[in-house]
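Good morning, and thank you for making time for this item. I would ask you to keep the structure in view while I speak.

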Amino acid sequence: MLRARICDPAGPRWWRIAATVGTLPLTALAVGLPGSVTARAMTMLLGLAWLTLGRLVVPRLPPRSCSIELEPGAIRVRNAGLSSQRIAAADVRAASTAELSDGRCAVALVRQEEGDPVWLELEKQGDLDGVRRALGIGHTGFGALRWPSARGGFHNTPTAADGVVTLGWLAMLVAVWMGAAEVALAIALPVLPLTLVAMVLATTTRPWRHGIALSPRGVQTVLHGCTELLPWEKVVDAKVVGTELSIETADGAKAIPMRSALPAVREHLAAQLRSAIRRSRGEGPPPPEPPASLAILSRRDEGRRAWLERLDATAASMAQGEGYRLASVEPRDLWTTLDSPDAPPSLRAAAARILARVAPQEAGERIAKTLAREHDRETRQCIRVALEEDVEVAARELDRLDRS
């Protein structure tokens, strides 16, 4: 069990669903509520109003300490209150890693159904490596990390329509409470269609006015609706100034307003930027290297068929208990390479082909788990093709992958 700290403002899936559909129990309660018609009507109106009020009332979850349990292809966040959850590798759509100023490490995970990242702080690099392996994440991460999220989400910034709708529903509640049903009906005529508009705006993608995205090419900034890509070689530093994220470049500084973000989110995003800048300069912890003993399995100046036949010959020698000691190929190195998202795809494919022949019963299940948490489509295809029994077919498919 790893000690960590989690910052998940949007909360796990059940929290977002409960916050969004909180109108249902209130509406159902109004139907069977004993007492006056006024009380039932008020409860019904409050339930309907929750469709828009919920986004304003339900709080963002604050950062808190937690424990992380590693599972094959997933991590389980425990002892984190409402932020406790299970995150599977298949749910992760983007990730980024960083080194914090106090020696700790961090990883940002973008889940499947929304773009708001989950930020995890870990005590040391070894803990971060364990989380990466469980989720199939490489040394630096993968995909694009955005703030705010590309899809908005439950906690996107309220619009003017939200405020007007909220006031309208409150006025309707007051009118019902005072027994002025006609006045409440008159208010409902414009408020009901405006509620539908607010709901649509809350669930559809809107252009960012201010935002930032980290990608392999550089930093994409959105300031007052204008987008600019800053290549990593031009970015010098990043820091939090008040409620803004200040990005220092060779041409000056850019301040990205982040008033709607939690302070912890601003600090994490700045740390991710600083780590990405260091990596672009070749600084920071290097990615893990594949075991030196597997260098002989790399493809040399040879065709795909010859390479696959050489792998099969190595597997045959290992199965018979002869020859592989001279080549220094250790089974544990093959397993390590197969599971490492930082190893070259061709070397992982070579490890998979050999293990499928040396330990077929164990390899079948472990290779399936590796493929399930692998985020790179080309790597998955390369490993699957390498498992093909027919050397001619496998060589032809690998050549096709190279050309595509």
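**Strand pairing and a surface patch**

Helix 7, residues 263-280, lies across strand 13 and strand 14, and runs at about 170 degrees to strand 13. Please bear in mind that this is a predicted model.

Which order do its three strands take? The open sheet has the order 13-14-15, with antiparallel pairing. Its edge strands are strand 13 (235-241) and strand 15 (252-257), each of which pairs on one side only. From one strand to the next, the twist averages 20 degrees. Strand 13 is joined to strand 14, residues 244-249, by six bridges, and the two run antiparallel. Within this pairing, Ala 238 has Ile 247 of strand 14 as its bridge partner. In general, strands of a sheet pair through backbone hydrogen bonds, in either a parallel or an antiparallel manner.

Finally, the surface. Is Met 178 buried or exposed? Met 178 counts as exposed because its relative accessible area is 66%, against a cut-off of over 50%. This residue lies in the loop between helix 5 (160-177) and helix 6 (181-203). Together with Val 174 and Trp 177, Met 178 forms a nonpolar surface patch with about 410 Å² of accessible area.

Key. Residues numbered from 1 in each chain as written. Predicted model: local features only at pLDDT ≥ 70, side-chain atom pairs only at ≥ 80, totals over all residues. Heavy atoms only, no water. Patch = residues over 30% accessible without salt bridge, like charges linked within 9 Å, V, L, I, M, F, W, Y side chains within 5 Å. Areas by Shrake-Rupley, 256 points an atom, 1.4 Å probe, with all protein chains shown as cover. Salt bridge = Lys/Arg side-chain N within 4 Å of Asp/Glu carboxyl O. Helix = DSSP H or I, 4+ residues; strand = E, 2+ residues; numbered from the N terminus. Buried < 20%, exposed > 50% of the residue type's maximum accessible area, 1.4 Å probe, protein only. Pairing = 2+ DSSP bridges. Axes fitted to C-alpha atoms, helices over the stretch in contact; angles between N-to-C directions. Contact = heavy atoms within 4.5 Å.
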